[in-house]
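Please open the model in your viewer and keep the selection tool at hand. The tour below moves from one selection to the next and says what is there.

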Amino acid sequence: MPYPLNTPLGRFGVETTEETSTRCTATIPVAGLRNPLTGAATIAPLAMLVDHVGGLVNHRRREAGEWTVTSELALEVAPDALSAIASAPDAPVVAMARPLGGKDNAAVAHCELSAAGRAIATATVHSFYIATPENLQAWPGREPSSEGTLVGTDLAALMNVQIGESGGAATVLMQRSDEVLNNLVGTVHGGVSAMGLELVGIAALDTGGGAFRTGSLRVNYLRPFHGGNEAHYEGRTLRVGRSTGLAEARAVGHDGSTALVARLTAYR
C-alpha cells in the first residue's frame with residue numbers, strides 16, 4: 001500500500017512491499033525525473049530509496065527503547081542505470097535490503113537495486129542506535145490521503161527546492177521549509193537531503209548537458225538538517241578529467257551549520 005501524500009515517502013511514490021528484520025523491499029518511480037540544475041535525467045531518487053529501505057532493515061533490528069539514526073550512506077551506480085530506467089518508464093526501481101553482519105550499537109544494511117529486471121546499483125546504509133527520542137512526531141497512517149503534493153516528474157517541486165545564486169564555483173539549490181519533507185523528529189528526511197547532494201554534485205561537474213553520469217555517492221550525516229531561511233545544498237568540483245570527475249557537496253542548515261557532506265564520482 002502506498003504511503004499518504006503528506007509524508008516524505010508518499011510524496012516521492014515510495015511503496016514498501018516487504019518489511020522484516022531480515023529483508024526489506026521497496027520501490028520508487030524514477031523515469032522522467034530530471035535534475036532541476038541541468039535538465040538531464042537523474043538517478044538522485046535512488047538515494048531516497050536506499051535511505052528508506054536500508055534504514056528500515058536496520059530499524060527493524062532495534063531493541064525495546066532504541067531508535068535508529070543514519071550516519072552514512074554509500075551508493076554505487078552501474079554505467080547503464082539511466083538507460084535501464086528509461087527502457088521501462090512505467091516500472092519503478094526496486095530495492096532489496098538485508099542486514100550485513102551483526103548488530104551492536106550500530107548496524108549495516110546492504111542493498112541491491114534493479115530496474116526492468118536489470119541490476120543497476122548496490123548500496124550500504126550505516127545506522128547507530130540511540131534511546132527513543134521523546135519528541136517523535138506521528139506520521140499519518142497508511143490510508144490513502146489527498147493531502148500533500150501529488151507524485152509527479154517535477155523533482156524541484158517534489159523536493160521544494162529552487163536554484164540559488166552560485167558563489168564562485170559553487171552550484172546551489174535552496175531547500176525551502178516543508179513539513180511534508182520532514183522525518184519523525186522534525187528534520188529534513190535523510191533520503192531527501194541525500195538526493196539534494198547528488199543533484200548539486202553532478203551539476204557541479206556537468207558542463208555538457210548530461211555528459212557525466214554518477215558512479216558513486218558517499219554521504220555522511222553530521223547533524224540534523226533543517227530547511228528554510230538560507231538552508232541549501234552546495235556542490236563544488238574537486239577534479240574534472242577526460243573520463244572522470246570528482247565533486248564534493250554539503251547541506252547547510254537554516255542556522256548556517258553544515259549538516260551533511262558527500263563526495264561524488266562521475267564518469268563520462
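Begin by selecting Lys-103, which is partly exposed, with a relative accessible area of 26%; here buried means under 20% relative accessible area, exposed over 50%, and partly exposed in between, with a 1.4 Å probe and protein chains only. Before going further, note that this is a predicted model, in which local features need pLDDT of at least 70 and side-chain atom pairs count only at pLDDT 80 or more, while totals for chains, interfaces and linings use all residues. Residues are numbered from 1 along each chain as its sequence is written, and side-chain values use heavy atoms, with hydrogens and water left out.

**Around Lys-103**

Next select Glu-66, whose side chain meets that of Lys-103 in a salt bridge (3.3 Å, N to O), a term for a side-chain nitrogen of Lys or Arg within 4 Å of a carboxyl oxygen of Asp or Glu. This pair links distant parts of the chain, with Glu-66 in strand E3 (residues 66–77) and Lys-103 in the loop between strand E4 (93–99) and strand E5 (106–115), 37 residues apart. Helices (H or I, at least four residues) and strands (E, at least two) are DSSP runs, numbered from the N terminus. Glu-66 is buried, at a relative accessible area of 19%.

**Other salt bridges**

A search of the whole structure finds eight salt bridges. For another one, select Arg-118 and Asp-80, where the closest N and O atoms are 2.9 Å apart. Arg-118 lies in strand E6 (residues 118–131) and Asp-80 in the loop between E3 and helix H3 (81–87), so the pair ties together parts that are 38 residues apart in sequence. Arg-118 counts as partly exposed at 33% relative accessibility, and Asp-80 counts as partly exposed at 33%.

Move on to Arg-11 and Asp-178, whose side chains meet in a salt bridge (2.7 Å, N to O). Arg-11 belongs to helix H1 (residues 8–11) and Asp-178 to the loop between strand E8 (171–175) and H5, and the two are 167 residues apart. Arg-11 is buried, with a relative accessible area of 3%, and Asp-178 is buried, with 16%.

Then select Glu-234, Arg-236 and Arg-250 together, which are linked in a network of salt bridges.

**Helix H5**

**Two asparagines**

Finish with Asn-160, in the loop between helix H4 (155–159) and strand E7 (161–163), where phi is near 55°, a positive value in a residue other than glycine. Asn-229, in the loop between strand E9 (213–221) and strand E10 (232–240), has a phi near 50°, again positive. Asn-160 counts as partly exposed at 24% relative accessibility, whereas Asn-229 counts as exposed at 55%.
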